[in-house]
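Subject: A structure for you to explore

Hello! I am handing over a structure for you to look through, and below it you will find my notes. Please keep the 3D view open while you read.

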Amino acid sequence: MHRITTAPVAPIPARTRWAVAAGAGAALAAAWWLGDTAPYPYAQRGLLDVPLPFLTAGRMDAVLRPRPGERMLEIGPGTGLQSLHVAPQLGPEGRLDVLDIQQEMLAHVMCRAERDGLATIRPTCSDARELPYADGTFDAMYAVTALGEIPEPDRVLREAARVLAPGGRLVIGEFFDRHWIPFGRLHRLADAAGLHLTERRGPSPAYLARFRPCRADAPGHQSERLAHSDRDTNDGQA
């Protein structure tokens, strides 16, 4: 019989292994980046319940400042991560309207609200560029990682200025992804829409910013100064 022998296999150099791993990682990142469609697909809803750095519930409360009895509007609630946190703080006399262009997302939020015994959330399926609400309806409005997914965000901001009551507040939260709006761009769009900045927390890739309508009669218009509220990103607040 002839003995079958095989030549020893040379080990793959560490540099080559790192190159292959890096290439695979880059391919996965590219697939995620290019596959990140807007609006966010309902099939991938599980990722929407993952808290994001710098956009924690504590920071959101500190910037949004929800109070009992207020009526608020959330744009793009996703699966309700923010909705289920904010609505209870408005109390039984308050109300949280949630608006999304995807009925599936709204149904998901309402299912969770019913499970938690929250009866003060009202869903509306509509386009945020043409809000179906009267002028001055809301005490506050917010959109977390949603504004960049909407075409023509400038129109959304103009609508926000319209539906907010005098002295009302708008909070925008953005986190770095394909649809991220850098803070500088948001600030310019808000200025053009008649909204002035009153507070910002977090770096540009992951920030929360609060605005108020630029009306001379709006309470707090003179007292909240940009220089005071545009905080350092390392303020250490949760």
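Which residues point one way from β7, and which the other way? Ala206, Leu208, Arg210 and Arg212 point one way from β7, while Tyr207, Ala209, Phe211 and Pro213 point the other way, and all are buried. Here, buried means under 20% relative accessible area, exposed means over 50%, and partly exposed lies in between, with a 1.4 Å probe and protein chains only. With 8 of its 8 residues buried, β7 is largely enclosed by the rest of the structure.

Before going on, a word on the ground rules. This is a predicted model, in which local features need pLDDT of at least 70 and side-chain atom pairs count only at pLDDT 80 or more, while totals for chains, interfaces and linings use all residues. Residues are numbered from 1 along each chain as its sequence is written, and side-chain values use heavy atoms, with hydrogens and water left out.

The chain as a whole

The protein chain has 7 helices and 7 strands. Helices (H or I, at least four residues) and strands (E, at least two) are DSSP runs, numbered from the N terminus. Along the sequence, the pattern reads α-α-β-α-β-α-β-β-α-β-α-β-β-α. Of the 238 residues in the protein chain, 42% are buried. Contact means heavy atoms within 4.5 Å. Among the contacts in the protein chain with a separation of 6 or more, 74% are between residues 24 or more positions apart.

The sheet

An open sheet of 7 strands runs in the order β3-β2-β1-β4-β5-β7-β6, with mixed pairing; two strands pair if DSSP finds at least two bridges between them. The edges are β3 (121-125) and β6 (195-201), each with a single partner strand, so one side of each has no neighbour in the sheet. From one strand to the next, the twist averages 20 degrees. For such angles, axes are lines fitted to C-alpha atoms (for helices over the stretch in contact), and angles run from 0 to 180 degrees between N-to-C directions.

β6 and β7 (residues 206-213) run antiparallel and are joined by 6 bridges. Leucine 195 has proline 213 in β7 as its bridge partner, and leucine 197 stands opposite phenylalanine 211 in β7. The two strands form a hairpin with 4 residues between them, and glycine 202 in the turn has a positive phi of about 95 degrees.

α4 (residues 103-115) touches β2 (95-100) and β3, and its direction makes about 170 degrees with that of β3. α5 touches β4, β5, β6 and β7, and its direction makes about 150 degrees with that of β5.

Now look at β5. This strand has 10 of its 12 residues buried, so β5 is largely enclosed by the rest of the structure. β5 pairs with β7 in the antiparallel sense over 6 bridges, with glycine 173 facing its bridge partner leucine 208 in β7. β4 and β5 run parallel and are also joined by 6 bridges; the bridge partner of alanine 140 in β5 is arginine 169.

The cavities

How many cavities of 30 Å³ or more does the structure hold? There are 2. On a 1 Å grid over the protein atoms alone, a cavity is a set of points where a 1.4 Å probe fits but cannot get out, and lining residues have an atom within 4 Å of a point. Grid points are joined across faces, edges and corners, and a volume is the space filled by probe spheres set on the points.

The largest cavity has a volume of about 40 Å³. Its lining includes Thr145, Glu174 and Trp180, and by class has 3 nonpolar, 3 polar and 3 charged residues. Ala, Val, Leu, Ile, Met, Phe, Trp, Tyr, Cys and Pro count as nonpolar, Asp, Glu, Lys and Arg as charged, and the others, Gly among them, as polar.

The second largest cavity holds about 30 Å³ of space. Its lining has 8 nonpolar, no polar and no charged residues. α5 (153-163) gives the most to that lining, with 3 residues.

Threonine 145 sits in the loop between β4 and α5. This residue has a positive phi of about 50 degrees although it is not a glycine, and at 28% relative accessibility threonine 145 counts as partly exposed.

Enjoy exploring!

Methods:
On a 1 Å grid over the protein atoms alone, a cavity is a set of points where a 1.4 Å probe fits but cannot get out, and a pocket is an open set with protein on both sides within 12 Å along at least five of seven lines; lining residues have an atom within 4 Å of a point.
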